[in-house]
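Please examine the structure below together with its sequence. The explanation that follows it concerns a helix and the pairing of charged side chains.

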Amino acid sequence: MRNRPIPGSSGLVREMSLLGDPLLHRACEDVTDFGPSLARLVEDMFATMYAAQGVGLAANQVGVPLKVFVYDCPDDDDVRHLGHVVNPELVEADGLTVRGPEGCLSLPGLEAGTDRFDHAVVEGLTMTGEPVRIAGTGWFARCLQHECDHLQGTVYTDRLTGLRRTRALRAARRAPWARKAWRAGPWARKA
C-alpha cells in the first residue's frame, strides 16, 4: 500500500509548447520562490508528462520559463527513476558517447539519432529547497542531459548536424502539429 500520492494524480494537464515556440529556445530563470505555486507546477508537470506518455518534461515545455524538470524514466537495466529537480545543474556528463534514438514531447512523433554521454549527474534542489543529486546511466543519463538542455534553451534537434539535422527539421515542418511560427522562425532556414 502506498503511503504517498502518485505524482501528478492531483495535477492538471497543461498545453505543450511545440517546436517553434520562442520559449523553447531561451534559457530559463532560476526558481526563487519555493512555495505552493512551485508545488502546483511540479504536480501539473507530472500530470502533463504522463498524459503525453513521456519520460521527462521541462517547465518551458508547458510555457513556464523556470528551471524545473520532472522525470519517470528507466535506465538501461530497467531500474525506474522518478522525481523532479529545481535549478538543476549538469555537473557530470562523461563516459562513452552513444548515438541513440531521441524524441521530445515538443516534437511529437519524431525522433533522430542523437549523441549523448552514457553517464550524467545532475545537482539541484527539491521543490522544498532540499539539495538533491541524481546520477544516471544509459537511457536515464540521456533523459537527464535532454531535460537540462531544455532549460538552457536547447532542443535535441539543435545537437544534430548535417543530413540528420536536415531530415529532422524537414519532418518537423511537415508534421501535422507544426506551427506557423516555427515555419517562419530563424531555425527553419538552417534546414
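The paragraphs below turn to the helix and then to the salt bridges of this predicted model.

Helix 1 comprises the 16 residues 36-51. Just after the helix, Gln53 adopts a positive phi of about 60°.

Side chains of opposite charge can pair when their charged atoms come close. The model contains eleven salt bridges. One of them lies within helix 1, where Arg40 and Asp44 are four residues apart, about one turn of the helix. Their closest N and O atoms are 3.2 Å apart. Arg40 counts as partly exposed because its relative accessibility is 37%, whereas Asp44, at 3%, is buried.

Asp30 and Lys67 form another salt bridge, at 3.1 Å from N to O. This pair links distant parts of the chain, 37 residues apart: Asp30 belongs to the segment before helix 1, and Lys67 to the loop between strand 1 and strand 2. Asp30 is partly exposed at 45% relative accessibility, while Lys67 is buried at 17%.

A further salt bridge joins Arg116 and Asp149, with the closest N and O atoms 2.8 Å apart. Arg116 lies in strand 4 (residues 111-125) and Asp149 in helix 2 (residues 138-151), so the pair ties together parts that are 33 residues apart in sequence. Salt bridges with shared partners connect Glu102, Arg116, Arg142, Asp149 and Arg159 in one network.

Terms used. Residues numbered from 1 in each chain as written. Predicted model: local features only at pLDDT ≥ 70, side-chain atom pairs only at ≥ 80, totals over all residues. Heavy atoms only, no water. Helix = DSSP H or I, 4+ residues; strand = E, 2+ residues; numbered from the N terminus. Expected span 1.5 Å × (residues − 1). Salt bridge = Lys/Arg side-chain N within 4 Å of Asp/Glu carboxyl O. Buried < 20%, exposed > 50% of the residue type's maximum accessible area, 1.4 Å probe, protein only.
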